[in-house]
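Please look over the chain shown below, first as a sequence and then as a fold, before reading the notes that follow.

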Amino acid sequence: RSILIDGNKSSSVHLVMRAGFPEPLGARSIIVAAVLLLALISLMLWLVLGRWLRQVTRRIRQLSVATRMFAEKHAVDKDILQSLSSPLAVADEIMTVSATCLEMMQSSEQHEEEHQAYIQTLNILEEAVVEIDRNGQFMRASPGWQKLSNCDSGACITLYDCLHPEDVEMVSSQMASLFSGEKQLVKGRTRLNSKDGHEPWLEYQFIPAISGVHGMHSVRGVLRDITQSYQLEKRVTYMALHDALTGLPNRVLLEDRCDLSLNVAERTGHKVAVGFIDLDHFKNINDSFGHKTGDRLLVAISNALKHALRSGDTLARWGGDEFIALLPETGQQEA
């Protein structure tokens with residue numbers, strides 16, 4: 001700026017300022033500083049993230065241990081719950097996965113308990129559940145099957161090996177109708193193959209076993225022993241159609257055989273003969289010797305009459321001391 005000196009205006013004055021600067025840092029100093037800074041950052045990351053990663057790794061390891069123990073034991077016990085305590089401690093994704101795994105373990109355990117309960121109940125009922133393929137080979141079988149069939153696993157590779165030879169064709173035909181899709185349910189009765197002459201009877205029901213997108217490759221069924229009920233049913237049927245004393249057909253069975261013989265005779269042109277047999281003075285035997293003696297006489301007479309008839313003829317007791325002989329396919333009227 002301008003200033004006055006001795007009343008005169010002088011020229012401008014310039015102020016000059018100078019400052020000293022330190023020498024610039026060398027490359028070595030910069031590298032050392034960078035390394036120190038990187039080491040400090042790494043230390044901080046190790047202290048913070050390393051501890052977190054160790055906790056995460058330990059929790060995942062505990063979850064893996066718990067799942068492995070469940071695969072071996074098939075039951076959720078205190079050891080598994082203790083292993084899951086750490087994964088379930090913090091609310092994060094690991095806790096969600098652990099909670100889901102625990103729920104699946106408990107559901108699987110409950111399903112296994114229900115399955116065992118069903119199997120035990122079937123064993124009590126002496127029923128068997130089996131699954132067979134197209135060839136009749138066993139794919140699965142409940143413990144009740146071995147007890148029901150009394151057949152060694154080596155001897156009974158297929159279901160048909162255990163059945164009576166006369167029933168194999170019938171049962172295999174029904175199984176074929178299931179595999180072809182013709183039927184969705186088959187049921188029936190069959191005999192087991194027995195070497196001691198005893199023929200156990202089974203009642204069975206089979207349905208197709210559908211398995212996802214692969215379709216049907218097997219059938220599943222339930223079998224139960226009906227030997228006693230079958231024998232009782234045969235006994236009741238026999239008593240309903242036969243005389244209790246002589247074992248001869250009664251009126252009901254005689255009428256049925258008469259209708260059948262007449263239908264056959266109408267088609268073939270043969271004749272049917274009916275003979276009525278009455279014992280005279282049979283009452284005197286009962287009165288003189290007693291009813292037991294009379295019963296024995298009726299049995300002896302019925303046996304003698306049966307031996308005198310042909311194999312296709314029918315001898316029936318009409319009542320009391322009266323018998324009827326049915327002679328189908330008689331060629332001549334005099335016969």
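In which helix does L53 lie? L53 lies in helix α1, where helices (H or I, at least four residues) and strands (E, at least two) are DSSP runs, numbered from the N terminus. This is a predicted model, in which local features need pLDDT of at least 70 and side-chain atom pairs count only at pLDDT 80 or more, while totals for chains, interfaces and linings use all residues. Residues are numbered from 1 along each chain as its sequence is written, and side-chain values use heavy atoms, with hydrogens and water left out.

**Helix α1 and its surface**

L53 has a relative accessibility of 46% and therefore counts as partly exposed, since buried means under 20% relative accessible area, exposed over 50%, and partly exposed in between (1.4 Å probe, protein chains only). L53 also belongs to a nonpolar surface patch, which it forms with L37, L40, I41, L43, M44, L45, W46, L47, L49 and W52, and which has about 1,100 Å² of accessible area together. Such patches are made of residues with over 30% relative accessible area and no salt bridge, like charges being joined within 9 Å and nonpolar side chains (Val, Leu, Ile, Met, Phe, Trp, Tyr) within 5 Å. The accessible areas come from the Shrake-Rupley method with a 1.4 Å probe, and for residues only the protein chains shown count as cover.

T67 lies in the same helix α1, which covers residues 27-73, and T67 counts as partly exposed because its relative accessibility is 31%. From C-alpha to C-alpha, T67 and C101 are 7.8 Å apart in space, although 34 residues separate them in sequence. A second pair of this kind is L102 and A66, which are 36 residues apart along the chain and have C-alpha atoms separated by 9.1 Å. L102 is found in helix α3, and with a relative accessible area of 15% L102 is buried.

**Salt bridges**

Side chains of opposite charge can pair when their charged atoms come close. Here a salt bridge is a side-chain nitrogen of Lys or Arg within 4 Å of a carboxyl oxygen of Asp or Glu, and by this rule the count comes to 13 salt bridges.

| D92 | R59 | 2.7 Å |

D92 is partly exposed at 22% relative accessibility, whereas R59 is buried, with a relative accessible area of 5%. In the pair of D79 and K73, D79 is partly exposed with a relative accessible area of 34%, and K73 also counts as partly exposed, at 36% relative accessibility. Elsewhere, salt bridges that share partners join E166, D167, R191 and E199 into one network.

**The second largest pocket**

E131 and R140 are also among the residues that line the second largest pocket, together with H115, I119, V129, V130, A141, S142, P143 and R220. On a 1 Å grid over the protein atoms alone, a pocket is an open set of points where a 1.4 Å probe fits, with protein on both sides within 12 Å along at least five of seven lines, and lining residues have an atom within 4 Å of a point. The volume of this second largest pocket is about 170 Å³, a volume being the space filled by probe spheres set on the points, which are joined across faces, edges and corners. At least two lining residues are supplied by each of α3 (93-124), β3 (127-132) and β4 (138-141), and the largest share, 3 residues, comes from β3. The lining divides into 5 nonpolar, 2 polar and 3 charged residues, where Ala, Val, Leu, Ile, Met, Phe, Trp, Tyr, Cys and Pro count as nonpolar, Asp, Glu, Lys and Arg as charged, and the others, Gly among them, as polar.

**Two loop histidines**

H74 has a positive phi of about 60 degrees although it is not a glycine, and its place is in the loop between α1 and α2. At 52% relative accessibility, H74 counts as exposed. H281, likewise not a glycine, has a positive phi of about 60 degrees. H281 is found in the loop between β8 (271-278) and α9 (282-289), and with a relative accessible area of 62% H281 is exposed.
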